[in-house]
Amino acid sequence: MNRIFDVVIIGGGLAGLCNAIHLSKFGIKVLLIEKNKYPKHKVCGEYISNEVLPYLDFLEINPFDFGAVKIKKFQLSTTKNKVISAKLPLGGFGISRYTLDFELAKKALKNGVTVLQDSVINVDFENDIFSIETKENQNFTTKVTIGAFGKRSLLDVKMERNFIKKKAPYLGVKIHVKGSFPEDLVALHNFKGGYCGISKVENNAINLCYITSFSSFKKYKNIDDFQEQVVFKNRFLKEIFKNSEAIFEKPLTISQISFETKKPVENHILMCGDSAGMIHPLCGNGMSMAIQSAQLASKLILNYLNGKNVSRNELEKQYIRQWNKKFSLRLKAGHFIAMLFRKDRIAAVLLQILKKLPFLLPIIIKQTHGKPMKI
């Protein structure tokens with residue numbers, strides 16, 4: 001294998017794969033390093049806002065070719081089983097990470113991207129060049145490195161990133177089920193200490209994905225006990241869980257989820273997707289943010305590699321500036337909305353206001369979503 005690349009991407013999720021496809025369209029020599037084999041299920045809400053469709057079209061990816069379902073409506077319930085519904089301002093679609101990541105990986109390979117199944121254990125930067133070492137004792141050099149390694153990684157520890165030093169108090173759980181649920185709806189149902197997103201994906205499967213504080217979860221013996229005692233206090237969740245049939249043998253889980261602020265650039269590595277910052281799943285738009293961050297990074301990297309009077313320092317400054325402009329307000333809105341819904345009384349009052357003034361809900365949704373991407 002060639003050891004020298006223009007760009008090395010660490011992590012092959014949505015952000016990493018979209019970067020790989022975008023850059024390879026312009027003849028950039030790209031290595032993508034992903035520890036897992038495709039296809040693979042991931043703990044994820046699997047709803048994506050339609051704002052990314054113009055960019056996916058630019059990447060020559062049509063999610064509806066792979067079974068994605070169109071979503072137009074939104075439903076929200078509180079811990080007191082009060083419910084409100086609205087039309088989504090832009091709409092969205094549901095597709096599993098199992099399918100979408102796999103199709104993006106196939107497109108990357110078709111474009112000439114080198115995809116390596118391995119784990120990066122060290123990244124050094126010296127004399128304006130990155131040296132990358134993997135678990136399987138492979139070494140590569142590159143001009144640009146993109147960090148797309150997700151919510152939490154050993155590389156975060158190695159780089160002593162600030163967020164990794166703080167508590168990561170959340171746990172995520174996901175299953176796919178067969179049952180009755182409207183195809184055009186994404187629902188978000190709150191329970192004490194957490195919330196669960198529900199939407200259809202391809203093959204008529206329903207994705208159930210919830211997040212809760214670990215302090216709430218650890219009081220119970222196991223997932224089944226927690227669901228019976230806590231999650232099913234929300235009657236909407238009880239109904240969907242009880243009247244559906246699990247497709248997975250057992251739920252997927254992920255622990256140590258953190259919503260602490262992260263830096264878009266660390267050790268000269270451009271961070272994308274969850275590596276750069278996570279929006280609360282309550283706002284249901286993390287997949288869209290990952291895809292959009294890839295466009296930001298790729299356009300700036302192309303200018304840098306093509307020598308358009310952009311130094312590395314300017315590349316990093318521009319990326320930080322553009323990332324913050326696009327996402328910082330969304331993240332703050334997500335934190336604020338999640339904080340409100342963690343407080344039962346405030347959530348109840350907020351719902352009553354929204355019921356009396358239903359036009360406010362689409363306005364709130366817009367605070368965590370963007371406009372259709374420009375190409």
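Biologist: Which conventions apply to the numbering and to the confidence of the model?
Modeller: Residues are numbered from 1 along each chain as its sequence is written. Since this is a predicted model, local features need pLDDT of at least 70 and side-chain atom pairs count only at pLDDT 80 or more, while totals for chains, interfaces and linings use all residues.

Biologist: How many residues of strand 10 are buried?
Modeller: Strands are DSSP runs of E with at least two residues, helices are runs of H or I with at least four, and both are numbered from the N terminus. Buried means under 20% relative accessible area, exposed over 50%, and partly exposed in between, with a 1.4 Å probe and protein chains only. Strand 10 covers residues 170-178 and is largely enclosed by the rest of the structure, because the number of its residues that are buried is 8 of the 9.

Biologist: Which strand is joined to strand 10 by 8 bridges?
Modeller: Two strands pair if DSSP finds at least two bridges between them. Strand 10 runs antiparallel to strand 15 (residues 252-257), with 4 bridges, and Val 173 stands opposite Thr 253 there. With strand 14 (residues 245-246) the arrangement is antiparallel too, with 2 bridges, and Val 177 stands opposite Ala 246. Leu 171 has Thr 212 as its bridge partner, and the antiparallel strand joined by 8 bridges is strand 13.

Biologist: Where do the buried residues Phe 236, Leu 237, Ile 240 and Phe 241 lie around the axis of helix 7?
Modeller: These four residues are buried in helix 7, which spans residues 235-242. The arc, taken from the directions from the helix axis to the C-beta atoms, is only 120°, which puts them on the same side of helix 7.

Biologist: Which residue caps the N-terminal end of helix 7?
Modeller: A polar contact is a pair of N or O atoms within 3.5 Å; within protein, one must be able to donate a hydrogen and the other to accept it, and residues adjacent in sequence count only if both atoms are side-chain atoms. Here a side-chain oxygen lies 2.9 Å from the backbone nitrogen of Phe 236, and the capping residue is Asn 234.

Biologist: Is Asn 127 buried or exposed?
Modeller: Most residues other than glycine have a negative phi. Asn 127 has a positive phi, near 55°, and lies in the loop between strand 7 (120-126) and strand 8 (129-134). Its relative accessibility is 71%, so Asn 127 counts as exposed.

Biologist: Which peptide bond is cis?
Modeller: Most peptide bonds are trans. Pro 39 is found in the loop between strand 2 (30-34) and strand 3 (47-49). With omega near -10°, the cis bond is the one from Tyr 38 to Pro 39.

Biologist: Which helix gives the most to the lining of the second largest pocket?
Modeller: On a 1 Å grid over the protein atoms alone, a pocket is an open set of points with protein on both sides within 12 Å along at least five of seven lines, and lining residues have an atom within 4 Å of a point. About 720 Å³ of space lies in this pocket, and of its 25 lining residues the closest to its centre are Lys 326, Arg 330, His 369, Gly 370 and Lys 371. Strand 3, strand 5 (83-94), helix 8 (286-305), helix 9 (312-342) and helix 11 (360-366) each supply at least two residues. The element that gives the most, with 6 residues, is helix 9.

Key. Heavy atoms only, no water. 1 Å grid on protein atoms, 1.4 Å probe; cavity = no way out; pocket = protein on both sides within 12 Å on 5 of 7 lines; lining within 4 Å. Points joined across faces, edges and corners; volume = space filled by probe spheres on them.
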